[in-house]
Amino acid sequence: MNDVKLAVLGGPGTGKSALTVRFLTKRFIGEYASNFESIYNKHLCLEGKQLNLEIYDPCSQPQKARFSLTSELHWADGFVIVYDISDRSSFAFAKALIYRIREPQTSHCKRAMESAVLLVGNKQDLCHVREVGWEEGQKLALDNRCQFCELSAAEQSLEVEMMFIRVIKGILTNSKLK
Ligand code: GDP
Ligand code: MG
């Protein structure tokens with residue numbers, strides 16, 4: 001059994017919990033507890049391997065979070081970095097997180113340069129009030145060796161599932177390279 005540790009990070013209210021719960025249950029509930037963090041477990045079989053997936057969904061109130069970003073970076077094998085396409089400040093938050101993960105000297109990441117990172121522009125259903133262009137997300141991802149997609153936790157179950165599978169496959173590929 002291979003352990004795969006995935007951290008879902010991003011600014012408050014971007015939909016980290018909504019995406020995680022959508023992946024685990026295929027449902028969108030609408031409101032999610034923001035005052036505590038969770039580590040969810042899921043067994044799955046991918047590329048003929050049995051995986052024990054752990055997903056870390058942080059508390060949206062950083063002062064209450066048990067993990068500091070440093071320990072999250074050290075804990076995780078891969079990252080989903082979430083921003084809200086209708087909230088520019090959340091894109092700046094995502095950018096800062098990516099720089100922190102990729103920082104070569106000071107990073108506490110397990111494998112700073114090559115750890116699997118997938119940048120997600122969530123809330124695509126709110127594209128009529130979009131503040132961050134698709135191209136901007138794509139460029140940030142390309143410049144920092146991340147995968148990228150836009151989707152909606154509210155409306156797209158299959159896309160959310162495929163997004164998680166994509167980053168888990170990225171983690172497996174990296175672990176083969178080690
Ligand atoms: P977190 O703080 O990053 O965990 O964000 P939540 O998952 O708690 O979501 C914050 C708010 O955004 C909640 O009211 C969700 O219902 C809403 N939300 C999450 N994903 C989407 C989405 O894809 N579209 C829309 N319209 N709202 C969403
Ligand atoms: Mg949350």
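These are my notebook entries on a predicted model of a protein chain with a ligand.

**Ground rules.** I count residues from 1 along each chain as its sequence is written, with chains lettered from A and ligands numbered from 1 in the order in which they are written. Since this is a predicted model, I take local features only at pLDDT of at least 70 and side-chain atom pairs only at pLDDT 80 or more, while totals for chains, interfaces and linings use all residues.

**Confidence.** I looked up pLDDT, the predictor's confidence in each residue, from 0 to 100. The protein chain averages 90, and 90% of its residues score at least 70. For the complex I noted an ipTM of 0.99 and a pTM of 0.94.

**Overall layout.** I found 5 helices and 6 strands in the protein chain. Both are DSSP runs, numbered from the N terminus: helices are H or I with at least four residues, strands are E with at least two. Along the sequence I read β-α-β-β-α-β-α-β-α-β-α. I call a residue buried if 20 or more other C-beta atoms lie within 10 Å of its own, exposed if 12 or fewer, and partly exposed in between, with C-beta atoms placed from the backbone. By that count, 40% of the 178 residues are buried.

**Ligand 1.** Which residues come nearest to ligand 1? I listed Gly15, Lys16, Ser17, Ala18 and Ala154, out of 20 residues around the ligand. A residue is in this shell if its C-beta atom, placed from the backbone, lies within 6 Å of the ligand. The shell divides into 6 nonpolar, 10 polar and 4 charged residues. Here Ala, Val, Leu, Ile, Met, Phe, Trp, Tyr, Cys and Pro count as nonpolar, Asp, Glu, Lys and Arg as charged, and the others, Gly among them, as polar. Helix α1 (residues 16-25) gives the most to the shell, with 3 residues.

**Helix α1.** I then checked how covered α1 is. In α1, 8 of its 10 residues are buried. Among them are Lys16, Ser17 and Ala18. Just after α1, Lys26 takes a positive phi of about 65°.

Strand β2 (residues 38-46) runs antiparallel to β3, joined by 9 bridges. I count two strands as paired if DSSP finds at least two bridges between them. Tyr40 has Ile55 of β3 as its bridge partner. The hairpin has 2 residues between the strands, and Glu47 takes a positive phi near 50°. Gln50 sits in β3 (residues 49-57). Is Gln50 buried or exposed? Gln50 is exposed, because 10 other C-beta atoms lie within 10 Å. Its C-alpha is 6.5 Å from that of Asn2, 48 residues apart in sequence.

**Strand β5.** All 7 of the 7 residues of β5 (residues 116-122) are buried. Ala116, Leu118, Val120 and Asn122 point one way, and Val117, Leu119 and Gly121 the other. Strand β4 (residues 78-84) pairs with β5 in the parallel sense over 7 bridges. Phe79 stands opposite Val117. Strand β6 (residues 147-150) also runs parallel to β5, with 4 bridges. Leu118 stands opposite Gln147 there.

**Helix α3.** In α3, I found Ser90, Phe91, Phe93, Ala94, Leu97, Ile98 and Ile101 buried. Seen down the axis, these fall within an arc of 160°, so they line one face of the helix. The arc is that of the directions from the helix axis to the C-beta atoms. Exposed Ser89 and Tyr99 are on the face turned away from the buried side.
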